[in-house]
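Subject: Structure handover, with notes on what was found

Dear colleague,

Please find below the structure that I am handing over to you, together with its sequence. My notes follow it, and I would be glad if you read them with the structure open.

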Amino acid sequence: MGTQQLSITLNGEPRGITAANVADLVQLLELDIRQIAIEHNRTILARSSYEKTPLRDGDAVEIVSFIGGG
C-alpha cells in the first residue's frame, strides 16, 4: 500500500504531499536535517521525533533553514 496524497500547510502555503511523517517530508524536500528546525502544528520538534511524527490532512508545518555566514 502506497502513501496517499495529503493536503497540508507548509510555511503558510497549501501543498499536496505524499509523506507519511515529518522525516519523509524532509527527504521529499531534499533538506539537510542539520540545517533546519521544524514546527508541526505549533510544536517545535526534536530531530529524533521526525520519524515518529505522522502527517495528516490539515496539518501545519513550518520549516526554518539556518544559513551560516560571517
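Predicted model: local features only at pLDDT ≥ 70, side-chain atom pairs only at ≥ 80, totals over all residues.

I begin with the strands E1 and E2, which run antiparallel and are joined by 5 bridges; helices (H or I, at least four residues) and strands (E, at least two) are DSSP runs, numbered from the N terminus, and two strands are said to pair if DSSP finds at least two bridges between them. Within this pair, Ile8 has Arg15 of E2 as its bridge partner. The two strands form a hairpin with 2 residues between them, and Asn11, in the turn, has a positive phi of about 50°, although Asn11 is not a glycine. With a relative accessible area of 39%, Asn11 is partly exposed, where buried means under 20% relative accessible area, exposed means over 50%, and partly exposed lies in between (1.4 Å probe, protein chains only).

Residues are numbered from 1 along each chain as its sequence is written, and side-chain values use heavy atoms, with hydrogens and water left out.

As to the overall fold, the secondary structure comes to 1 helix and 5 strands, and along the sequence these follow the pattern β-β-α-β-β-β. The radius of gyration of the protein is 12 Å, close to the 11 Å that the globule rule gives for 70 residues, so the protein is as compact as a globular protein of that length; this radius is taken over C-alpha atoms, and the rule is 2.2 Å times the number of residues to the power 0.38. Along its principal axes, the C-alpha trace spans about 45 × 25 × 20 Å. Of the 70 residues, 29% count as buried. Among contacts (heavy atoms within 4.5 Å) between residues at least 6 apart in sequence, 51% join residues at least 24 apart.

The 5 strands form an open sheet with mixed pairing, in the order E2-E1-E5-E3-E4. Strand E2 (13-17) and E4 stand at the edges with a single partner strand each, so one side of each is left without a neighbour in the sheet. Strand E3 (residues 36-40) and E5 run antiparallel and are joined by 5 bridges, and the bridge partner of His40 in E5 is Val61. In the loop between E3 and E4 lies Asn41, another residue other than glycine whose phi is positive, near 50°; at 35% relative accessibility, Asn41 counts as partly exposed.

Leaving aside neighbours within four places in sequence, Val61 is in contact with Ile8, Thr9, Leu10, Asn11, Leu25, Ile38, Glu39, His40 and Leu55.

Two loop residues also deserve a look. Leu45, in the loop between strand E4 (43-44) and strand E5 (60-65), counts as buried at 15% relative accessibility, and, not counting residues up to four places away in sequence, Leu45 touches Val22, Ile38, His40, Tyr50 and Thr53. Asn21, in the loop between E2 and H1, counts as buried at 13% relative accessibility. A polar atom of the Asn21 side chain lies 2.8 Å from the backbone nitrogen of Asp24, and a polar atom of that side chain lies 3.3 Å from the backbone oxygen of Glu51. With neighbours within four places in sequence left aside, Asn21 is in contact with Tyr50, Glu51, Thr53, Pro54 and Leu55.

Conventions. Polar contact = N/O pair within 3.5 Å; in protein donor to acceptor, adjacent residues only side chain to side chain.
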